[in-house]
Amino acid sequence: MTDDGNRYRRSPLRVAAGAAVLMMACAGPAVAAPAQAGNVQRAMEELARVPGVVGAVGGAYVDGRSIGLGSAGTRLLNGRGGRIPANSRFRIGSQTKEMVATVVLRLVKEGRLGVDDKLGDLLPVVVSEDLVTRADEITVRQMLRHTSGIPDWYAEEPNPDGSEGDVSFDVFDFTTHHRPLDLVRWSRDRPRTGEPGERYSYSNTNYTLLGMVIERVTGHGLAVELHRHLFGPLGMTRTYPPVKPPEGIKGPHGHGYYPDANGRLRDVDRFNAGFGGAAGGVVSTAHDMSVFKRAFFQGRLLPPELQRVLTDRLPNDTPPGGGGPAFCDGELDGFFAGGSTAGYLAMTFYTKDGSRQLSMSATLSVKDISGPAEGMFKAVETVFCPSVTHPRG
């Protein structure tokens, strides 16, 4: 369950399922986007033709106005189930973290906590039960920015490129109720990834803990605070976080598939809600994702000094590889946020000024998401700069 905010072309695996810093790669001026716009339906049809994609939906928005919705492929594997409704809900994965981070910082604005408050003070249980080492040194800021050094509960070992490795839990366990504290406990005996504040290392545990902080500080469940700060005020009426199994995606939607130990594809639509939560549990739509991105980057959710907690580069951070704007021969400079786990990949492209968004979801039948991620890059160019042709290798 990972995300990225990266305006430079990188390996699609790194962008969609690799190390990410929320929105922190949003540095430098944005290049004006080209005026023309292409066909969202065509973009989704191209995405659905990528090997391993079962179905795809997406929606593009300019200045809050829809310029097209699209749907291709089918709801179920092997051409079954009919087309996915273009406005259907889908799992957004680690794009949830951006929402949770925004809620945390809005609580900072309200004076309910501070960005330099210590984890051990905010969540005494992690000290009393010895669940997080160095908890008395780790700050809210470090957890928001993935510099806490807390190991990840999601994957035991990262891939060589820094992306998450195979999941450390049974993706076919659809019924066991796992509390956030249980997930934190899974990470306890794994090695720390650095000193508190030393360096960036992506860890879902950071956000599982931040969700617990929100609940302890407010006395309300995470879903209540997400609605109070974001979903209600912004009119994100079709967005919600499933809380416990077997709660899943409401309404007609696409189903994802994942190979079991024998290589047999199994439907993982009932993915356990306990594995999501504050780290990656929200279900949304292309419309609602565009609303959130627009509000954030237009400064309607946080004051500038708190927004910079998420958007400033980390100390000694260097621009990612690629050497320049990612899209359309340099005509379009934008960013991606994404999330993925068994059976799906969701990504949102957006410009820093909040004017343009393209939110997409692909349900999958493969473990390797690099092909579908590259297909989503191509979809951005199909929609926002259709006159530009890029060779693909």
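## Close-up views of the predicted model

**View 1. K378 is partly exposed, with a relative accessible area of 30%.** In these legends a residue is called buried under 20% relative accessible area, exposed over 50% and partly exposed in between, with a 1.4 Å probe and protein chains only. E46 counts as buried, at 18% relative accessibility. The side chains of K378 and E46 meet in a salt bridge (3.4 Å, N to O), a term that requires a side-chain nitrogen of Lys or Arg within 4 Å of a carboxyl oxygen of Asp or Glu. This pair links distant parts of the chain, since K378 belongs to helix α12 and E46 to helix α2, 332 residues apart. The model is predicted, so that local features need pLDDT of at least 70 and side-chain atom pairs count only at pLDDT 80 or more, while totals for chains, interfaces and linings use all residues. Residues are numbered from 1 along each chain as its sequence is written, and side-chain values use heavy atoms, with hydrogens and water left out.

**View 2. K293 and E98 form a salt bridge, with their closest N and O atoms 2.5 Å apart.** Here too the pair links distant parts of the chain, with K293 in helix α10 (residues 286–297) and E98 in helix α3, 195 residues apart. Both K293 and E98 are buried.

**View 3. The side chains of E110 and R228 meet in a salt bridge (3.3 Å, N to O).** E110 lies in the loop between α3 and α4 and R228 in helix α9, so the pair ties together parts that are 118 residues apart in sequence. E110 is partly exposed, with a relative accessible area of 39%, and R228, at 36%, also counts as partly exposed. E110, R112, E225 and R228 are linked in a network of salt bridges.

**View 4. Five strands form an open sheet with antiparallel pairing, in the order β2-β1-β9-β8-β7.** The edge strands, each of which pairs on one side only, are β2 (65–73) and β7 (335–341). From one strand to the next, the twist averages 10°. Helix α2 (residues 40–48) packs on this sheet, touching β1 (53–62), β2 and β9 (356–364), and its direction makes about 30° with that of β2. Two strands pair if DSSP finds at least two bridges between them; helices (H or I, at least four residues) and strands (E, at least two) are DSSP runs, numbered from the N terminus. Axes are lines fitted to C-alpha atoms, for helices over the stretch in contact, and angles run from 0 to 180 degrees between N-to-C directions, contact meaning heavy atoms within 4.5 Å.

**View 5. G339 is found in strand β7.** G339 is buried, with a relative accessible area of 0%, and its bridge partner in β8 is A346. Seven bridges join β7 to strand β8 (residues 344–350), and the two run antiparallel. Helix α3 (residues 95–109) lies across β7 and β8, running at about 110° to β7. The C-alpha atoms of G339 and K97, 242 residues apart along the chain, are separated by 9.6 Å.

**View 6. Helix α8 is mostly covered, with 12 of its 15 residues buried.** The buried residues, including Y207, L209 and M212, pack against α3, α4 (119–122), α5 (124–128), α6 (140–144), α7 (180–187) and α9 (222–231). Just after α8, G219 takes a positive phi of about 75°.
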